[in-house]
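Dear colleague,

I am handing over the structure below, and my notes on a helix pair and a pocket follow it. Please read them with the model open beside you.

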Amino acid sequence: MDFRTIVPVSNQSPKINYDANIALFGSCFVENIGDKLQYFKFNVLQNPFGIIFHPVALRNLFQRIDENYTYSERDIFQLNDLYSCFEVHSQMNHPDRSLMINRLNNSLENTRSFLQESSHVIITLGTAWGYVLNQDERLVANCHKVAQSNFTKKIFSSEEIKKSLFEISNIIWALNGNAKIIFTVSPVRHLKDGFVENQLSKATLITALHEYRKEMKLKFDKKTKYFPSYEIVMDELRDYRFYGKDMVHLSEIAIDYIWGKFKESWIEPEIYPIMKEVDTIQKGLEHRPFNEDSPKHREFLDKLSLKIENLQHKRPSIKF
């Protein structure tokens, strides 16, 4: 007897290989996939504005890219000796005002340039709940520990989210008409919103995303795809042992399992042997000897250097 259901993943194309340029945006879950891609030395741009949980907040950043926006002092504020911007994650914060502004503008320019060459864009939606700044009624990407009394919490409708997905897609394709967009819903639970509220949020995201894809199917079905990461966790794994200690984020085992499904669906099988070589080298680089000066360890390092040299001869794009 089979005591679990398996969520099927379809065989997709064009596949990701070592010629691919992969941009990733969205919630912390997209970084689980991005970290795997980086580990295996794919060319990746991962959350250049930091983690963005809300699709409308992500849309706002894509609009900045589209309009060739230039950040200035009007877009930042100082709190607790750090400069912040409500449009990006706190990972972007900096104690120097000028460097903070430069960081924002460099991220815009680098993202624009990367998207123009991207073969795949992966976007993970995290939550439909957002915080609206009372003084100008705009959604913020991050509250940056500003007092909660300055915000109004609201859940955005599936229609509002669907509209944002269309706008994001159109901006990407205006920059690069060949980019394949892969959407997914994060299986990470936002329990700070509440248990019922988290389920409402995920249902809203899924509704918006599938309504978007239903409308897109008439024209651009081959240009947008859905990867069922949320469904894999909810319907296939279905156990708290696949969560971390906080019972919110996924465990390493769960991440590895979802990566395996993603690899099966999206990674070119012909490069699996190269990925295995990269994995061997990465594990070698992570090795910590008892005695770094021993002849045995020096021999190990020489062999490792030879493996890297041979691999880079076959795949010059791979850098360690």
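Contact here means heavy atoms within 4.5 Å. This is a predicted model, in which local features need pLDDT of at least 70 and side-chain atom pairs count only at pLDDT 80 or more, while totals for chains, interfaces and linings use all residues. Residues are numbered from 1 along each chain as its sequence is written, and side-chain values use heavy atoms, with hydrogens and water left out.

In the helix pair, Ser-229, Ile-232, Val-233, Glu-236 and Leu-237 of H6 meet Ala-254, Tyr-257, Ile-258 and Lys-261 of H7. These contact residues comprise six nonpolar, one polar and two charged (Ala, Val, Leu, Ile, Met, Phe, Trp, Tyr, Cys and Pro count as nonpolar, Asp, Glu, Lys and Arg as charged, and the others, Gly among them, as polar). Helix H6 (residues 229-237) packs against helix H7 (residues 252-266) at an angle of about 120°, and their axes are 11 Å apart; the axes are lines fitted to C-alpha atoms over the stretch in contact, with angles running from 0 to 180 degrees between N-to-C directions.

Of its 34 lining residues, Phe-53, Tyr-131, Asn-142, Cys-143 and Lys-192 are the closest to the centre. The lining divides into 16 nonpolar, 13 polar and five charged residues.

Best regards

How values were computed:
Helices (H or I, at least four residues) and strands (E, at least two) are DSSP runs, numbered from the N terminus. On a 1 Å grid over the protein atoms alone, a cavity is a set of points where a 1.4 Å probe fits but cannot get out, and a pocket is an open set with protein on both sides within 12 Å along at least five of seven lines; lining residues have an atom within 4 Å of a point.
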